Each structure stands twice: as C-alpha cells, then as structure tokens.
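Please look through the structure below before reading on.

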Amino acid sequence: MTEVLLEAQSLKKHFPVTAGFILARTVSSIKAVDGVSFIIRQGETLSLVGESGCGKTTTAKMILLLEDPTMGSILFRGKDLQRLTPAEMKEYRASVQAVFQDPWSSLNPRLRVGSIIGEPLVVNRALPSKAIQEQVRELLLQVGLRPDHDDLYPHEFSGGQRQRIAIARALSLKPALIVLDEPVSALDVSIRAQIMNLLKDLQHQYGLGYLLIAHNLATVRYMSHRVAVMYLGKIVETAQTKQLFSHPQHPYTRALISAALRSRPDTQDEEIVLPGEVPSPLDPPPGCSFHPRCSNALPLCSKTTPVPREQERGHWVACHLAETLTVATRATISAEERP
C-alpha cells in the first residue's frame, strides 16, 4: 500500500463578517471551506475542481499554512500539524512546496535565477555556497534549462521557462508534496503540454505527491489519478479520474463535464445548463447546497445535508439521489440527459 502523505479531516475555514466601525462585532461568517476531507498518497495527483469561489484555493492555502483552519485537522505522514514540534514544523514546510499560477509575478525580478532557486537551500540547509550553486545548476538541467541560466534575471525568460524555474525552486528542498495552483493556465497552449509532461516525469522520478488546483478539465484529466469536485466549500464527489469522467454521479459533476471543451468536435453530447448562480457562502441554502440548481432535486434535498457515501469502490458521492435511487433509476436519468 502506497504511503499516505497528507490527510485532511473535516477542514473548515470560515471568515468572520463584522459590523460597526468603533465597536466592531462579528455578525456572520463566510464559509469558504466547510468540512473538506481527502487524502494524497505518495506518487499520486489529487485534483480539486469546481467553479471560482468554491474553496479550492483556500483549501490549498491551509495545506501551505498560509491560512489557519477554523476547524478540522491536517495530518502529514500520520502526524497532526497542530502537535508538531518547531523542528518538525520546519521540516513540514520544507516537505510541502508550491508552484503558482502566474510565472510572471511568482519570481522576484530583482534576483538572479541562481538566487531564486538557491534561496530555500540557504534558509533551510546549512550548505556551503559552492554546494548550493552545484545543486542549482543540477536543478536547472532537470527542468530542461541550461546550467548557465543561473546568472540571468527572470525577465530574460519566456513564460514557459519561468514556470520551469518555479518548478526547480519547488524541487530544491526535495519535497514530498507540491501544491500546483493552476500551473499551466497562464501559459500558451503550445507550452502547456511541455510543462505537464515535465511535472509527470518529475513525479515518476521522485515519487512526488501533487495537489492540483485547476479549472481546465483537460488538464485535470491528463494529470490526475483522482479528482475531487468542490461546490460551495464542500466536496460533492471523489473518484478515480477515469471513473469520474466516464461515470459522473453527482448532477454538478455531470454539468461541469458537459460544459468542458470536447476533444472531438463532431460529438453531439447535450450541454447541461444549470439555472441560477452559485449561492453566496455567506448564506448557503439549507440541506444540499446544490439543490436550488438541481433539476432532479427531491424534497429531502432542501432539508438534509447529504453525507458522502461510497457508491462504487473508491467513488464517493454526497447526493441524496445517489443514496436513494436504484442503479436502474440512475441509469434512466442519465439516459434522459443524453440526446
């Protein structure tokens, strides 16, 4: 069994909403993340997908310790982060790195590439400068750049090359887990495949775990081993990538996949158009948060929050329809949605 690197248990992040200027008081809260649980294994990519504002980036920030959870816990290799010693916490920060969306703003324009990649080594590892320089040059080779690029500035590189530099920086401390926040969305289409292939090669070489935040379902399908679909701060469906794309069970997942750009333009699958807009996380609807936009909603959906249940092996769905309808009935609903 592959080692579990990271486990999130019922993570919540609620941002307080205050009223008043002098005597400010908390009157409500924005439920950005509302009870999210998942695991990431060594050598595995887990993708978080969903519309903007569903809580993907806030979840990633909690993993990176950029936000403190309101409730819930994060376990790294079985240890709760809240109980780590200062030395263990320092090691966790080194073991979990990030590659951000925009390679034009994620690199310090005042530093040379060698300093950008070597800075984590200077801060976290007691190494002589010559050893750091050698590691930096080796990292540049691993990401497809020349060793002598360490003497240049970020503005002297293209967007794809900058993202390679960001990947090299993330690799410098030999992490176990890398958070990929839209790593290719700001790049030209011709460069995206190169960066995705580089990330997959590095994962295979080092056994890296990836938490991928993405909107583009083609990227998710190519990169991921498992996918978790988020809606209004909750995970509504989790499954192996192939299983999720071939047999989505939650109505929101089916709508997302139907709206994605088709790989074959000649196909005539009907797009599922959801009515209304995503409710505000300040005042989410009772019961299932998706029920106001769901054409198959039951009376139960507006009263009781569905609990994620395993419908098939490794396929978890938080939906009353999945819990109450028979397989035959679910198949009938799926057939009615097809032309």
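Ala, Val, Leu, Ile, Met, Phe, Trp, Tyr, Cys and Pro count here as nonpolar, Asp, Glu, Lys and Arg as charged, and the others, Gly among them, as polar. This is a predicted model, in which local features need pLDDT of at least 70, side-chain atom pairs count only at pLDDT 80 or more, and totals for chains, interfaces and linings use all residues. Residues are numbered from 1 along each chain as its sequence is written, and side-chain values use heavy atoms, with hydrogens and water left out.

A pocket is an open set of points on a 1 Å grid over the protein atoms alone, with protein on both sides within 12 Å along at least five of seven lines; its lining residues have an atom within 4 Å of a point. The second largest pocket holds about 770 Å³ of space. It is lined by 32 residues, and S37, F38, T238, P308 and W316 are the closest to its centre. By type, the lining has 14 nonpolar, 10 polar and 8 charged residues.

Strands are DSSP runs of E with at least two residues, and helices are runs of H or I with at least four. The strand β2 gives the largest share of this pocket's lining, 7 residues. Domain 1 (4–224) and domain 2 (237–339) each contribute at least three lining residues; these bounds come from an automatic or database domain assignment.

S106 sits in the loop between β6 (96–99) and α3 (113–124). Why does S106 count as buried? Its relative accessibility is 19%, and buried means under 20% relative accessible area (1.4 Å probe, protein chains only).

Terms used
1 Å grid on protein atoms, 1.4 Å probe; cavity = no way out; pocket = protein on both sides within 12 Å on 5 of 7 lines; lining within 4 Å. Points joined across faces, edges and corners; volume = space filled by probe spheres on them. Buried < 20%, exposed > 50% of the residue type's maximum accessible area, 1.4 Å probe, protein only.
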